[in-house]
Amino acid sequence: MTRGKQKIEAQKRNAEKNQKPKGSQIEARAVGLKVPCPICKVQLANEKQLIDHYGSKHPKEKPPSESSSG
């Protein structure tokens with residue numbers, strides 16, 4: 001069993017650890033998203049995700065061709 005003073009110190013340490021800012025996931029996500037969908041303006045990470053997005057969200061539209069292959 002933990003003694004009273006040790007328990008209080010442990011609770012303080014845990015409270016401080018839990019209050020530290022961990023950074024913004026929104027900012028990190030914005031850096032990674034680079035390819036916009038020309039129809040609905042959703043930001044995607046790469047061309048493959050854009051093609052998958054077209055298949056699920058815009059099935060009647062033809063996905064844009066990748067810039068490196070044609």
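The model is predicted, so local features are taken only at pLDDT of at least 70 and side-chain atom pairs only at pLDDT 80 or more, while totals for chains, interfaces and linings use all residues. Residues are numbered from 1 along each chain as its sequence is written, and side-chain values use heavy atoms, with hydrogens and water left out.

The chain has three helices and two strands, where helices (H or I, at least four residues) and strands (E, at least two) are DSSP runs numbered from the N terminus. Read from the N terminus on, the elements follow the order α-α-β-β-α. The chain has 70 residues, and 10% of them count as buried; buried means under 20% relative accessible area, exposed over 50%, and partly exposed in between, with a 1.4 Å probe and protein chains only. The accessible surface comes to about 6,500 Å², and carbon and sulfur atoms hold 52% of it; such areas come from the Shrake-Rupley method with a 1.4 Å probe, and for residues only the protein chains shown count as cover. Among contacts (heavy atoms within 4.5 Å) with a separation of 6 or more, 0% join residues 24 or more positions apart.

Turning to annotation, an unreviewed UniProt entry lists residues 35–63 as "domain: C2H2-type". UniProt positions are given in the numbering used here, feature names are shortened, and annotations may be inferred rather than shown by experiment.

The structure holds one salt bridge, a term for a side-chain nitrogen of Lys or Arg within 4 Å of a carboxyl oxygen of Asp or Glu. Its partners are Asp52 and Lys48, whose closest N and O atoms are 3.2 Å apart. Because the two residues are four residues apart in helix α3 (residues 47–57), about one helical turn separates Asp52 from Lys48. Asp52 is partly exposed, at 43% relative accessible area, whereas Lys48 is exposed, at 57%.

Finally, His58 sits in the segment after α3. With a relative accessibility of 12%, His58 counts as buried. Leaving aside residues up to four places away in sequence, His58 touches Cys37, Ile39, Cys40 and His53. The side chains of His58 and His53 also make a polar contact at 3.1 Å. A polar contact is a pair of N or O atoms within 3.5 Å; within protein, one must be able to donate a hydrogen and the other to accept it, and residues adjacent in sequence count only if both atoms are side-chain atoms.
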